[in-house]
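Trainee: Could you take me through one part of this model slowly, and spell out each term as you use it?

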Amino acid sequence: MSMKQAVTALPVDEARRRILEICLDRRTPMEQVALEEARLRVAGRDIVAPRDLPPFANSAMDGFALRGTDLPSDGTRRLRIVGTRLAGSASELSIGPGECLRITTGALLPAGADTVVIKERVRVDGETAIVQACEISGAHVRPAGEDFRAGEVVVHAGERITFARIAAIASLGLATIEVSRRPRVTILTTGDELVMPGHACSPAQIYNSNGYSLSAMLAISGVQQIAAGGADTGAGFGHLGDDVERIRVALSAAAAHGDVVITSGGVSAGEADYLPRLVGELGRIHFWKVRMRPGMPFLFGEIGNALVFCLPGNPVSTMATFLALVGPGLAAMQGCRDVLPRMHAAKLATAIRKSHDRTEFLRARIEVDDEGTCRAWPLAGQGSAMLRGVVQANGLIVIPESTHDLESGEMVTVMPLPECS
Ligand SMILES: Nc1nc2c(c(=O)[nH]1)N[C@H]1C(S)=C(S)[C@@H](COP(=O)(O)OP(=O)(O)OC[C@H]3O[C@@H](n4cnc5c(N)ncnc54)[C@H](O)[C@@H]3O)O[C@H]1N2
Ligand code: MOO
């Protein structure tokens, strides 16, 4: 694609569609990992229960296991206590008619028993338990397989391994699982004006925040962030000034060593905005510019075998383009089923006036009010270089290209921000 063709700004949905199409083709291979390494990875194939869960009928409470048919229809009944079974014990104990067994939560139900009465409701007289008529036959028993059945799919291929799924997989006794290899991603920030936190800034300089925000977003994207060789800052990402040759060398090296390169800054119209030219020279540009605000100058291309995402330098533009475009692409590379950003409906709490034809991502508080209605409150500090709004936000209101004025009370689509409460 020539540079001229490449600069037709795409609608956000079309930009994402093109990214996903290419990323789906770059699916990473499967690998077997230990369960403790599996958090946030994506299941490579269906994880099937090798056995029932729970594996045996057991007590849901501390109390007495007995036969439901022994419960009295009125008054009380005395049952002989034949022993005690703690969780983990498989002792040869069974109960017959008129008998019961002391049992703890999680303990194997003895043969013959089908009911547990909690200990608070049983009077004990020596070796006799006195149960009342109000107890329910079959109560407080967790039958084998009531949670998952042997052979059932517990986690589907393409689902992320969350803490809850880790618990289910561990409960089934599986120590390793098959997941997609993490895409290897290098972050390169650019700009002579940037200084690393902890160092002194001269008058026209500011601190590098995008390297950190991008690293933090990568950390919850299931990828492996890799060092940037000679450009490494020691903080996990690389930084380059505005030296075109240095950027060229670092881009080529990062593309040669990883699956994805993410850059920040230097992608719009300034004298030192070299990224579009360099990606075009070293590889190819799939598209440049998206009709979104913030984030218009976003570029997507490839160099060698690596995909390249060039994110605009304004800090909120970096975040918005990552969340709307890069994150879904990285998820597709991992074979994720659900790659699109999560969206909810909310009622706008104040009117909005929009004077442009791009999709707007407005920083907002999304709260459920006293009546149970989900409301979106746009925040002050919406400039793409301003962190105030995004620091306070827990979501973004997504206003489509063709929508301009919205009144208070109208329904809008909101995109929750990960990790923000
Ligand atoms: N004449 C035009 N000027 C600009 C256009 C345009 O189309 N024509 N686009 C504007 C838009 S929209 C954006 S967004 C920015 C994006 O510019 P770049 O991607 O080239 O980014 P830079 O110019 O390098 O930086 C922009 C801004 O962000 C600060 N920055 C950059 N990197 C970092 C970082 N790692 N941490 C913190 N802050 C960073 C930088 O200092 C600038 O203030 O361009 C508009 N201009
Ligand atoms: O698109 Mo820029 O990201 O508006 O500031």
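Mentor: Ser 59 counts as buried because its relative accessibility is 0%, where buried means under 20% relative accessible area, exposed over 50% and partly exposed in between, with a 1.4 Å probe and protein chains only. This is a predicted model, in which local features need pLDDT of at least 70 and side-chain atom pairs count only at pLDDT 80 or more, while totals for chains, interfaces and linings use all residues. Residues are numbered from 1 along each chain as its sequence is written, chains are lettered from A and ligands numbered from 1 in the order in which they are written, and side-chain values use heavy atoms, leaving out hydrogens and water.

Ser 59 lies in strand β3, residues 58-59; strands (E, at least two residues) and helices (H or I, at least four) are DSSP runs, numbered from the N terminus. If residues up to four places away in sequence are not counted, Ser 59 is in contact with Ile 103, Thr 104, Thr 105, Gly 106, Ala 107, Leu 109, Val 116, His 140 and Arg 142, contact being heavy atoms within 4.5 Å.

Elsewhere, Asn 210, Ser 213, Leu 214, Met 217 and Leu 218 in helix α4 meet residues of helix α7, among them Pro 315, Thr 318 and Phe 322.
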